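Biologist: I would like to learn how to read a protein model. Could we go through one step by step?

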Amino acid sequence: LQIALQGVTGGAYEYARAQEAIQKISQDLNVPVLEATQGFTRLTAAVRGAGGNVGDAEIVFRGVTEAIKATGGNAEDVQASLLAMSQVFSKGKVSAEELQGQLGERLPGAVTLFAEATNRTLPQLAKDLQEGTVGLNDLMKFAIALSQRYQKDADKMAKSTDDAGARMKTALDKLKLEFGNFFKPVGAGFQDLIAQIAT
């Protein structure tokens, strides 16, 4: 996953920025590092394909994750919502399918908040979605609005005793990552040696 992330970020600075964002979001919201890296990588690929950057991907990733966390969702809800956001960036415009269907299913009130964030009434939003005039700039406004609305509740949820298991899993995932990175060259050396012997 780190190799994939490095490939989609497009440079050492952006890769370091992406890793920092993933670690921070994982730690702040008790999101497993594996799922966070996977979701962030896919989202970044779509965002960069649409002309955005890692900073844009971070805003969207954080907003969606905070909203799902604050509304009692789980890691599966986060992944499905990030997939919907990635599809929007890949298409270059917001469609009713992603907003009302995929996001609306996982995030209660998504459509209403999208309308508010983009200064539209619900009927106007429905009309604009039908006409295909809801763009990526509107999606970024929505992502920012998600953070503004849900950040405090997500933080409260992440620090609660109910989320102790998620905090433990996140800490163990971080330990596995560090441990794996430390021993990876040794393991690779053994595997290369066995491959050479077999050859």
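Modeller: What follows is a short walk from the whole chain down to single residues.

Modeller: Keep in mind that this is a predicted model.

Biologist: Where do I begin? How many helices and how many strands does the protein chain have?

Modeller: Begin with the list of elements. The protein chain has 10 helices and 0 strands. Read from the N terminus on, the order is α-α-α-α-α-α-α-α-α-α.

Biologist: What percentage of the 199 residues in the protein chain is buried?

Modeller: Buried residues make up 41% of the 199. Another overall figure concerns contacts in the protein chain with a separation of 6 or more: 64% of them join residues 24 or more positions apart.

Biologist: Next, helix packing. What numbers describe two packed helices?

Modeller: Two packed helices are described by the angle between their axes and by the distance between those axes. Take helix α1 (residues 2-9) and helix α3 (residues 33-49): their axes come within 9 Å and cross at roughly 15 degrees. An angle under 35 degrees counts as roughly parallel, so α1 is roughly parallel to α3. The crossing of α1 past α3 is left-handed.

Biologist: Which residues make the contact between α1 and α3?

Modeller: From α1 they are A4, L5, V8 and T9, and from α3 they are F40, T41, T44, A45 and R48. Sorted by class, this contact of α1 with α3 has 5 nonpolar, 3 polar and 1 charged residues.

Biologist: At what angle do α2 and α4 pack?

Modeller: α2 and α4 pack at about 10 degrees, with their axes 10 Å apart. That angle makes α2 roughly parallel to α4. On the α2 side, E14, R17, A18, A21, K24, I25, D28 and L29 take part, and they meet V54, G55, E58, F61, R62, T65, E66 and K69 in α4. The contact of α2 with α4 divides into 6 nonpolar, 2 polar and 8 charged residues.

Biologist: And how do α4 and α5 pack?

Modeller: Helix α4 (residues 54-70) and helix α5 (residues 75-91) pack at an angle of about 145 degrees, and their axes are 10 Å apart. α4 passes α5 in a right-handed crossing. V60, F61, V64, T65 and I68 of α4 make the contact with D77, V78, S81, L82, M85 and F89 of α5. The residues of this contact of α4 with α5 divide into 8 nonpolar, 2 polar and 1 charged.

Biologist: Let us take a single residue from that list. Is S81 buried or exposed?

Modeller: A residue counts as buried when its relative accessible area is under 20%. S81 has 1% relative accessibility, so S81 counts as buried. S81 lies in helix α5. Leaving aside neighbours within four places in sequence, S81 is in contact with V64, I68, L103 and R106.

Biologist: Is V33 buried or exposed?

Modeller: V33 is buried, because its relative accessible area is 7%. V33 lies in helix α3. V33 and I22 are 11 residues apart in sequence, and their C-alpha atoms are 7.3 Å apart in space.

Biologist: Where is Q148 found?

Modeller: Q148 is found in helix α9. Its relative accessible area is 64%, so Q148 is exposed. The C-alpha atoms of Q148 and A67 are separated by 9.5 Å, although these residues are 81 residues apart along the chain.

Biologist: Now the inside. Which residues touch the most other members of the largest nonpolar core?

Modeller: That core has 49 residues, and F40, L43, F89, L139 and F142 touch the most other members. Elements giving two or more residues to this core are α2 (12-29), α3, α4, α5, α6 (96-106), α7 (110-117), α8 (122-131) and α9 (136-159). α9 provides the largest share, 9 residues.

Biologist: What does F40 touch?

Modeller: Not counting residues up to four places away in sequence, F40 touches L5, A18, A21, I22, V54, A57, E58 and F61.

Biologist: Last, backbone angles. What is phi of N119?

Modeller: Phi of N119 is near 55 degrees, a positive value in a residue other than glycine. N119 sits in the loop between α7 and α8. With a relative accessible area of 73%, N119 is exposed.

Key
Residues are numbered from 1 along each chain as its sequence is written. This is a predicted model: local features need pLDDT of at least 70, side-chain atom pairs count only at pLDDT 80 or more; totals for chains, interfaces and linings use all residues. Side-chain values use heavy atoms; hydrogens and water are left out. Axes are lines fitted to C-alpha atoms, for helices over the stretch in contact, and angles run from 0 to 180 degrees between N-to-C directions. Helices (H or I, at least four residues) and strands (E, at least two) are DSSP runs, numbered from the N terminus. A crossing is left-handed if the near helix is turned anticlockwise from the far one by less than a right angle, and right-handed if clockwise. Contact means heavy atoms within 4.5 Å. Ala, Val, Leu, Ile, Met, Phe, Trp, Tyr, Cys and Pro count as nonpolar, Asp, Glu, Lys and Arg as charged, and the others, Gly among them, as polar. Buried means under 20% relative accessible area, exposed over 50%, partly exposed in between (1.4 Å probe, protein chains only). Angles under 35 degrees count as roughly parallel, over 145 as roughly antiparallel, 65 to 115 as roughly perpendicular and the rest as oblique. A nonpolar core is a set of buried Ala, Val, Leu, Ile, Met, Phe, Trp, Tyr and Cys residues joined through side-chain atoms within 4.5 Å.
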